[in-house]
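Let's take a walk through this model together, from its overall layout to a few individual residues. Keep the viewer open and follow along as we go.

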Amino acid sequence: MNEFVSLYKSAELNPSEKFALMSLIISSFDDAVTEGKIEDGVWEKIKGHLISDIDLYTKIILYWSLVDEEIVHQKA
């Protein structure tokens with residue numbers, strides 16, 4: 001996963017490429033959390049990228065935060 005984060009920082013990517021790569025990074029991070037294999041400092045790097053391009057990543061943030069799922073549970 002660190003290699004994806006490093007690529008994100010070093011490569012010149014257009015917004016579509018950034019979005020696709022960030023989707024892969026977040027999915028990989030989710031897998032690492034599930035497997036208990038989180039690399040030190042990686043979340044801080046990911047979070048920094050998400051915040052720096054917040055307008056681009058709003059959909060990713062909402063998807064992974066499970067906002068819709070929480071709303072469904074609250075209505076039930």
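A residue is called exposed when its relative accessible area is over 50%, buried when that area is under 20%, and partly exposed in between. Pro15 has a relative accessible area of 53%, so Pro15 counts as exposed. You will find Pro15 in helix 2, which spans residues 15–35. Please keep in mind that the model is predicted.

With that scale in hand, let's step back to the whole chain. The protein has five helices and zero strands, and reading from the N terminus its elements run α-α-α-α-α. Of the 76 residues in the protein, 21% are buried.

Where do nonpolar residues gather inside? The largest nonpolar core has 14 residues, and the members that touch the most others are Met22, Ile25 and Ile46. Helix 2 is the biggest contributor, giving six residues.

Are the two partners buried or exposed, or in between? Lys18 has 23% relative accessibility, so Lys18 counts as partly exposed. Asp53 is partly exposed too, because its relative accessible area is 22%.

Charge also shows up in another way on the surface. Glu3, Glu39, Asp40 and Glu44 gather there in a patch of negative charge. One of these, Glu44, belongs to helix 3, which covers residues 42–52.

Return to Pro15: the C-alpha atoms of Pro15 and Tyr57 are separated by 9.9 Å, while the two residues are 42 residues apart along the chain.

Now move to Ile38, in the loop between helix 2 and helix 3. At 44% relative accessibility, Ile38 falls between the two cut-offs and is therefore partly exposed. Between the C-alpha atoms of Ile38 and Met1 there are 9.2 Å, with 37 residues of separation along the chain.

Lys45 gives a further example, this time from helix 3. Lys45 is partly exposed because its relative accessibility is 43%. From Lys45 to Ser6 the C-alpha atoms are separated by 9.3 Å, and these residues are 39 residues apart along the chain.

Conventions
Residues are numbered from 1 along each chain as its sequence is written. This is a predicted model: local features need pLDDT of at least 70, side-chain atom pairs count only at pLDDT 80 or more; totals for chains, interfaces and linings use all residues. Side-chain values use heavy atoms; hydrogens and water are left out. Patches are made of residues with over 30% relative accessible area and no salt bridge: like charges are joined within 9 Å, nonpolar side chains (Val, Leu, Ile, Met, Phe, Trp, Tyr) within 5 Å. Accessible areas come from the Shrake-Rupley method with a 1.4 Å probe; for residues, only the protein chains shown count as cover. A salt bridge is a side-chain nitrogen of Lys or Arg within 4 Å of a carboxyl oxygen of Asp or Glu. Lys and Arg count as positive and Asp and Glu as negative; His and the chain ends are not counted. The place of a charge is taken as NZ of Lys, CZ of Arg, CG of Asp or CD of Glu. Helices (H or I, at least four residues) and strands (E, at least two) are DSSP runs, numbered from the N terminus. Buried means under 20% relative accessible area, exposed over 50%, partly exposed in between (1.4 Å probe, protein chains only). A nonpolar core is a set of buried Ala, Val, Leu, Ile, Met, Phe, Trp, Tyr and Cys residues joined through side-chain atoms within 4.5 Å.
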